[in-house]
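Subject: Structure handover

Hello,

Below is the structure I said I would pass on. My notes on what was found in it follow.

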Amino acid sequence: MRAALLIQRWYRQYAARLEMRRRCSWNIFQSIEYSGQQDHIKLYNFFGYLMDHFTSASSQRNLVSQMFRESDAFQDVEWEKQFCYKDIEVPDVYAGPHLSFPLTISNVTELVDAFKNKQKLHARYVLQLLGKTWTLLRLMPNISHVCTCKHKEITICGDLHGHLEDLLLVFYKNGFPSAETPYVFNGDFVDRGKESMEILLVLFAFLLLYPHDVHLNRGNHEDHIVNLRYGFTKEVLGKYQVHGKMILKLLQKIFSCLPLATVIDQKVLILHGGISDKTDLNLIGKLDRQRFVSALRPLKRREASGRPKEAALDPDGDDDDDFSMGRRRVQSLTHGTPMRPRQELPRHSVHSGSGRTGRSVDEELRERRRLAGLSLSSDSELYSAEVQETDADEWKQIVDVLWSDPMSQNGCVPNEVRGGGCYWGPDVTQEVLDRHKLKLLIRSHECKQEGYEFCHNGRVVTIFSASNYYDVGSNRGAYIRLGPDLIPHFKLFQASRSTRELTLRQSVGRTERSALQALRMQLFAHKSALIREFQEYDPQCTGLISLKHWAMAVEKVLRLSLPWRVLRAQLVTSSTRDGMLNYHDWFNQLSVQPNTEIANASLLETLYKHHSNLESIFRMIDTDHSGLISFEEFHQTWKLLSSHLQTDISDKAIADLAESIDFNKDGSIDINEFMEAFRLVEQSRGEREEPPSPE
């Protein structure tokens with residue numbers, strides 16, 4: 001008996017240590033993910049500021065405004081002509097699936113089998129399918145109402161994020177969508193994974209086949225601005241080089257037509273992100289969702305003059321010091337503090353490191369225009385513009401639905417971690433659900449280790465259907481089956497066969513290694529800022545600091561809210577002596593190296609630190625989606641980024657960088673090759689280990 005108790009105690013301690021390691025790895029992945037979302041929203045807000053105050057010079061291409069022209073001046077009939085597929089021929093050598101409309105079940109199962117075998121659907125059929133989907137979605141309400149009937153169960157899936165293998169596994173375990181097996185797919189079908197396009201086409205095909213039994217809610221990633229950063233735009237252009245631009249434009253329209261929520265039996269509310277203390281389902285049900293092509297910026301009405309009006313958001317999210325003060329001060333899109341009048345906003349020179357505020361607003365606007373390569377609107381246009389009206393209430397409703405997260409405390413506060421939506425507490429859940437006579441809220445938006453999670457006294461459940469989201473073995477996927485009793489039954493799965501064969505220890509170890517490597521890349525990308533902070537604790541310039549000061553400095557720079565003292569055992573190894581860390585040696589042992597070296601170290605570090613922001617700007621500027629940008633566009637990209645970061649990057653440094661990566665000397669730069677050339681990679685084991693000393 002004593003031996004059994006000892007074994008039981010040992011196993012509990014062993015399992016607890018594994019769980020602690022798993023949660024720590026999870027926190028690393030999630031903190032890095034959310035910080036990236038914050039950076040993207042700050043960058044987009046900055047471009048919104050530029051759009052409100054600048055117009056393109058007549059001799060230049062329309063750079064910044066491209067991403068805001070969300071709904072060109074076409075009427076619906078003209079859009080249908082614009083996306084006509086009939087002139088696209090399907091060659092005889094095409095071996096993929098063929099579609100005929102109206103779709104049949106055999107068409108759709110053939111499509112699923114083709115994607116399972118890594119085949120691609122021809123662009124003609126893609127456009128035809130997307131056109132039919134857009135026509136159908138335009139007729140659907142903002143909130144879909146579903147009935148379980150007497151013996152029917154409804155299946156609810158969460159985020160898929162381009163993981164086609166997960167979707168196929170759900171269909172294998174639960175059956176294809178049909179009149180007997182209705183589904184609700186709760187948004188975030190695209191981005192991050194490599195098969196987002198295939199997921200969309202499968203879901204849209206089933207929607208056309210069973211329009212009353214397949215329900216698609218919009219997620220925060222069904223947004224063409226978000227797609228620029230997280231991979232879907234790149235995926236579409238890579239798979240459909242000729243017609244990719246047309247496909248993206250049509251998807252832009254489709255995303256804005258997706259319903260915002262689904263209600264089952266008038267008792268269960270299903271939406272992607274969440275709610276706030278201002279959520280009003282009656283208002284959501286009446287608003288014109290199709291006008292909100294991107295939820296990242298409030299919709300603006302134009303008066304008869306058609307001239308742009310005042311900016312609705314502070315360009316930098318809060319004030320000019322936010323970037324240097326860390327991520328925790330970034331405002332939420334809809335729940336930030338009231339904005340000060342424009343004349344009172346402090347404006348600092350993007351070249352000045354001392355934070356001088358002597359410039360007038362006019363001078364600062366002109367300086368930002370010069371750095372961005374844009375021409376300033378005339379004073380008469382800028383100041384005679386009429387006060388702009390915004391659909392603020394409707395926009396906030398949509399942002400909260402798509403971006404919000406629950407919290408354990410009562411109340412409703414800005415979601416400063418993501419930068420959009422809010423955190424809402426159990427009191428808000430009770431008030432909103434009771435006001436609308438609902439029992440349960442089902443949402444997605446957050447990856448959960450077991451694929452699902454209850455909170456708020458069981459009245460809110462999160463469902464996430466993309467297994468192995470951060471890395472192989474990082475999490476399970478799940479879906480819900482909901483019957484007439486409205487009690488959720490969870491089905492868990494793991495898509496990767498190799499993961500299912502791993503022991504718990506092997507799975508945790510693999511995820512931990514991946515998380516730590518992602519964290520090392522973050523540390524390496526912030527090298528200069530970290531060294532400056534370390535030197536604050538090293539006034540004698542000995543190159544040594546205590547481990548306590550190391551943890552404090554790292555958190556101050558990265559602002560990831562991680563347990564650095566716990567992590568230092570994995571991140572700080574052989575660089576310590578008598579409890580002191582040699583921080584110069586420590587950087588050399590981070591096991592991270594650049595793919596490419598360039599002479600300008602400051603420019604190189606800026607590139608690695610803001611790699612994703614730079615790629616977003618490139619893809620915004622690549623207006624024809626060719627994957628190529630000119631030297632002039634490359635130069636303006638860097639000027640936009642330096643203006644956003646308030647740093648000075650010389651023209652010569654940018655020109656030298658452009659010359660060094662123009663491999664075929666044709667005067668243009670391939671975006672994908674450039675971003676891959678300047679990506680941080682893990683050093684191989686042989687490179688990290690020092691050669692053995694001679695005996």
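In helix 8, the residues F232, T233, E235, V236, L237 and K239 are buried. Buried here means under 20% relative accessible area, with exposed being over 50% and partly exposed in between, for a 1.4 Å probe and protein chains only. Helices (H or I, at least four residues) and strands (E, at least two) are DSSP runs, numbered from the N terminus. The buried residues of helix 8 pack against helix 6 (196-209), helix 7 (224-230) and helix 9. Contact, here and below, means heavy atoms within 4.5 Å.

Two notes on the source before going on. This is a predicted model, in which local features need pLDDT of at least 70 and side-chain atom pairs count only at pLDDT 80 or more, while totals for chains, interfaces and linings use all residues. Residues are numbered from 1 along each chain as its sequence is written, and side-chain values use heavy atoms, with hydrogens and water left out.

**The protein overall**

The protein has 695 residues, of which 57% count as buried. It contains 27 helices and 23 strands. Taking contacts between residues at least 6 apart in sequence, 74% join residues at least 24 apart.

**Helix 9 and S256**

S256 is located in helix 9, which covers residues 244-257. With a relative accessible area of 2%, S256 is buried. A polar atom of the S256 side chain lies 2.7 Å from the backbone oxygen of K253. Beyond its neighbours within four places in sequence, S256 is in contact with R218, R289, Q290, F292 and V293. S256 and S294 are 38 residues apart along the chain, and their C-alpha atoms are separated by 7.6 Å.

**Helix 6 and helix 3**

The axes of helix 6 and helix 3 (residues 105-116) come within 10 Å and cross at roughly 170°. Helix 3 is therefore roughly antiparallel to helix 6. Axes are lines fitted to C-alpha atoms, for helices over the stretch in contact, and angles run from 0 to 180 degrees between N-to-C directions. Angles under 35 degrees count as roughly parallel, over 145 as roughly antiparallel, 65 to 115 as roughly perpendicular and the rest as oblique.

From helix 3, I105, V108, L111, V112 and F115 meet E198, L201, V202, A205, F206 and L209 of helix 6. By class, this contact has 10 nonpolar, no polar and 1 charged residues. Ala, Val, Leu, Ile, Met, Phe, Trp, Tyr, Cys and Pro count as nonpolar, Asp, Glu, Lys and Arg as charged, and the others, Gly among them, as polar.

Two strands pair if DSSP finds at least two bridges between them. Strand 4 (residues 183-185) and strand 5 run parallel and are joined by 3 bridges. F185 has L216 in strand 5 as its bridge partner.

Strand 2 runs parallel to strand 6 (residues 261-264), with 4 bridges joining them. H145 stands opposite V263 in strand 6.

Further along, strand 7 (residues 268-270) pairs with strand 12 in the parallel sense over 3 bridges, and I270 stands opposite I442. Strand 12 also pairs with strand 14 (residues 460-463) in the parallel sense over 3 bridges, where the bridge partner of L441 is V460.

Strand 12 (residues 440-443) is covered on both faces: L440 and I442 on one side and L441 and R443 on the other are all buried.

**R443**

R443 has 0% relative accessibility and counts as buried. Its side chain makes polar contacts with the side chains of D405, at 2.8 Å, and T462, at 3.0 Å. A polar contact is a pair of N or O atoms within 3.5 Å; within protein, one must be able to donate a hydrogen and the other to accept it, and residues adjacent in sequence count only if both atoms are side-chain atoms. Leaving out residues up to four places away in sequence, R443 touches residues including N186, H272, W424 and I463.

Regards
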